[in-house]
Amino acid sequence: MNVPIRENDPTELDRFKRDIDLVDYAERQGYQVRKEGKRGDWHQLEKDGEVLIVTRKADHQVYLNTGDDRDKGSVIDFAKTRGGNGHGLNLGQVRQQLREYLHDGPAPARVYAAPVDVSRLNALPVGDPDHERQQQEDRKTRLIAEVLGVNKELTDRSYLHGRGITDSTIDSPAFQGRIFTAQQNEHKNTAFPLYNEQGLASVEQKNEHYKNLLPLPKNGIWVSHPTQGKNTPVERVVVSESAIDSLSHYQLKHAQDPRNTLYVATSGTPTEAQVALIQRVIDKQEPKEIVLANDRDAGGRQFNMNYMNELHPARPLVPVADQEAYKEASRPVEWHATSDKYHTALKVSYRHDSAESGAAQVQQLTERVARMNGTQEAGPTIELEVQRSTERETVLRLSVAKADTAQLEVISQELYRQREQLRPEQERSQEAFIRVDYPQAKDWNRELELTAQGLSAEQIRAQAQLDEQQRAAERDQREQQRQAEYARSAAMERAEQETRRQYDERQRQQRIDDNSPESQAERQAEDRRFNQAMMGAAVADAGRQDAEQPFRSYRTEQEAAAHTAQFVHARDAGLVLLKEYINDNPPPTGRKVDEAEQAELRDQARFAARPAAADLPAAQAEVKVATWQIDELEPNTTGRAEAWKEILDNSGYSMQTSEIRSTMDAQGIRRAEFDMTYRNDQPDIAIIHAIVTNTNARAEAGREQYVGVRVAESEADQAARQAAAEVAPIQPHNRDRSLDVAEKPPLEASAGAPGSEKQIVIKVDEPAITPGERGQAEAVQAAIIDSGAKAGDIQSTTAADGIRHSEMKVTYRTDQPELSRISHTLDAVAEQPGSHVVEHSSDQAERRELSKSQEVATPARNTEITR
């Protein structure tokens, strides 16, 4: 069979990537080029404070959002994320928009300078880890070289002077070679290099209303020289959030305490790699004191709590086999602080020799928290919860509002002292090793600014309170604006719901009117005319073929009524299935796959050879084939084609489907297809025709559920099916006749037929549980299995709000002897708070009906089950 060219041909996406200049396309969306590489191999674009870096990858351009590492990719991703006035576009809409761009005439292809010689790298085998590491190292070197240039020096001090940093501070031996000027085109920024054990790791750039950290792994720290010059013994290490804070702290404090000091900054929130690197600095320099000079806010206090747990005096090296390793001190107590938008939490872990000693430690901490809560005018502020307790370990969680983070810091300082007491004597620090030094203002640079204005310490503290009040007022204003926007959205949603309610009410009233005695009589008359016309045509046809062939008649009026009811039910069942399966409940999108399944998909994703037409039995010579082509909407997902195939297989119509064939493109998009076979002489051909034509029409109209779906066939097959559908005995109607008076066939008529397998999904939402604990999802799974149904593995994720979302697949057969127990169990699960049974309405009705019949047939067994 000749399949026409696909509207969503994957090669079209590759052509978009190659032919569309991403920089020009972004400029047409309002972005402006602010910087570009000397060889033209990268561009920096900005719009409304958003900064994008556009570079080249293989034969097309890619972009990266410096403020969001999830926002990156090709022109396809750019258009998909930013289209629709910022609301995003689906893949079909992206295709349409990029087609229009090419139709309008794209910009001339951007000429890139020849890349640097990479012949040595190209000689390495593909997939060689050395090759990958060298590529990453070359990228890092290129990005840093573009910022710092060839001659690294500080030529512009205007930004530092604007922040109150004096020349005497800048010229101190501590900061020589640690601050540079980054100049790209006409722009000049102050650059602070970050280092790790391998050398230069990244660069942070700052200027008035500008801050940028290169898009590289944050595994380096800004570190000064000792204040007394290179290679001098360090007595103290000062850790802060930014290099500007380090310079400010030096300018404010060093004259009063001129001990030889090393300054370290993390350029914002410290990563795990940065904390480990700071400990390596301590191991090497062996200082007597660590000063935590972070901001006076909830974030700075959180950093200090974690530093107190992680940083230790210099560790000795001990031999391990043929190597050496740092010897860690014992940790009888550990803690870690985390925060969300409104709260700060402190997780505390005690390690002890017995459950009794653990209980004593918990009691001591509980009493301390009770004393602190008792001193608060507004009532208790600290919540304490014991999360886990064993013979050797006890884990607690303390939580406060963000404004009360200082209370958790007090507790962490007590835990720090307690840990020193619990350690063996040879591991204890002889004096306080970690000290917290807070600025009187929000941060050290703000204190430097207020000090330069001549304010006293008391006046600085007062101004800091005013600053905080102003920030709080600004936060409240933003929150009020957000609430107002939410209220407007809620009002629009309510108006839309009311419109839908009124529409549903009109539809309900229409159904009532349609089922009035007058309407029923009119429909019965219409059916009689239809049947008479059909029988007349049959008589005429029989007369032409064989004049003696008898015309079908009914022996009784009851037989005629029963046949009419069967016909009406068959027609209406088809309409209901068409409406529920294809319109109201479209198939779900693909599910995410893990790396192992992704690799398997890539290995197996290839179009299987179709059976030759000559292999079909002669009796099926009139079988027609339509190919369903279904694309996933997101990379590395699967399951969308399987969902559509299941809908068609379970619809009850005479069509049949083949196995699924698939491919996967370079972007990880899975493209699948399967064949649907049918015959034009089947009574339900008109409904099959409606399914195919409706699917294509809705896909072409851009309906969200149908994006990436298309039914391909030859024009001859389509025309033949159209002609057969027009004269088919079962015709689709626009009116839902599921409420007609005509009775449906009794259930007993099909009692001897074999059962079918049903599949449902159960979702459970509950508070997160600790590993090894049995939650509500596990209890539901056990109940389902005990009832006689099959339950798959539980797939769980935990959201940021601490709610565990679980999902499991459940299957059963309608001819199972345990169906009654299964049905009761499913209904009980559906009524349980937090549990939701995702089941098709027709399957649910069939399950309950069969369950009732089973209970009537076997009352004794049912009594035994429910007892």
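This is a predicted model: local features need pLDDT of at least 70, side-chain atom pairs count only at pLDDT 80 or more; totals for chains, interfaces and linings use all residues.

Tutor: Strands E17 (residues 343-351) and E19 (residues 393-401) run antiparallel and are joined by 9 bridges.

Now widen the view. E17 and E19 belong to an open sheet of 4 strands, in the order E16-E17-E19-E18. The pairing is antiparallel. Strand E16 (333-339) and strand E18 (383-389) are at the edges. Each has a single partner strand, so one side of each has no neighbour in the sheet. On average, neighbouring strands are turned by 20 degrees against each other, direction ignored.

Next, the helices on this sheet. Helix H11 (residues 298-310) packs on it and touches E16 and E17. The direction of H11 makes about 160 degrees with that of E16. Helix H13 (residues 405-422) lies across E16, E17 and E19. H13 runs at about 15 degrees to E17.

For another kind of packing, go to helix H20 (residues 685-700) and helix H21 (residues 715-726). Their axes are 8 Å apart, and the helices pack at an angle of about 135 degrees. H20 and H21 are therefore oblique to each other. The crossing of H20 past H21 is left-handed. From H20, the contact takes in Ile685, Ala686, His689, Val692 and Thr693. From H21, Arg721, Gln722, Ala724 and Ala725 meet them. By class, this contact has 5 nonpolar, 3 polar and 1 charged residues.

Helix H19 (residues 640-649) shows burial. Of its 10 residues, 7 are buried, so H19 is largely enclosed by the rest of the structure. The buried residues are Arg640, Ala641, Ala643, Trp644, Lys645, Ile647 and Leu648.

Finish with an exposed residue. Glutamate 186 is in the loop between strand E6 (180-184) and strand E7 (187-196). Its relative accessible area is 60%, over the 50% cut-off, so glutamate 186 counts as exposed. Glutamate 186 and arginine 34 are 152 residues apart in sequence. In space, their C-alpha atoms are 9.8 Å apart.

Key: Residues are numbered from 1 along each chain as its sequence is written. Side-chain values use heavy atoms; hydrogens and water are left out. Two strands pair if DSSP finds at least two bridges between them. Helices (H or I, at least four residues) and strands (E, at least two) are DSSP runs, numbered from the N terminus. Axes are lines fitted to C-alpha atoms, for helices over the stretch in contact, and angles run from 0 to 180 degrees between N-to-C directions. Contact means heavy atoms within 4.5 Å. Angles under 35 degrees count as roughly parallel, over 145 as roughly antiparallel, 65 to 115 as roughly perpendicular and the rest as oblique. A crossing is left-handed if the near helix is turned anticlockwise from the far one by less than a right angle, and right-handed if clockwise. Ala, Val, Leu, Ile, Met, Phe, Trp, Tyr, Cys and Pro count as nonpolar, Asp, Glu, Lys and Arg as charged, and the others, Gly among them, as polar. Buried means under 20% relative accessible area, exposed over 50%, partly exposed in between (1.4 Å probe, protein chains only).
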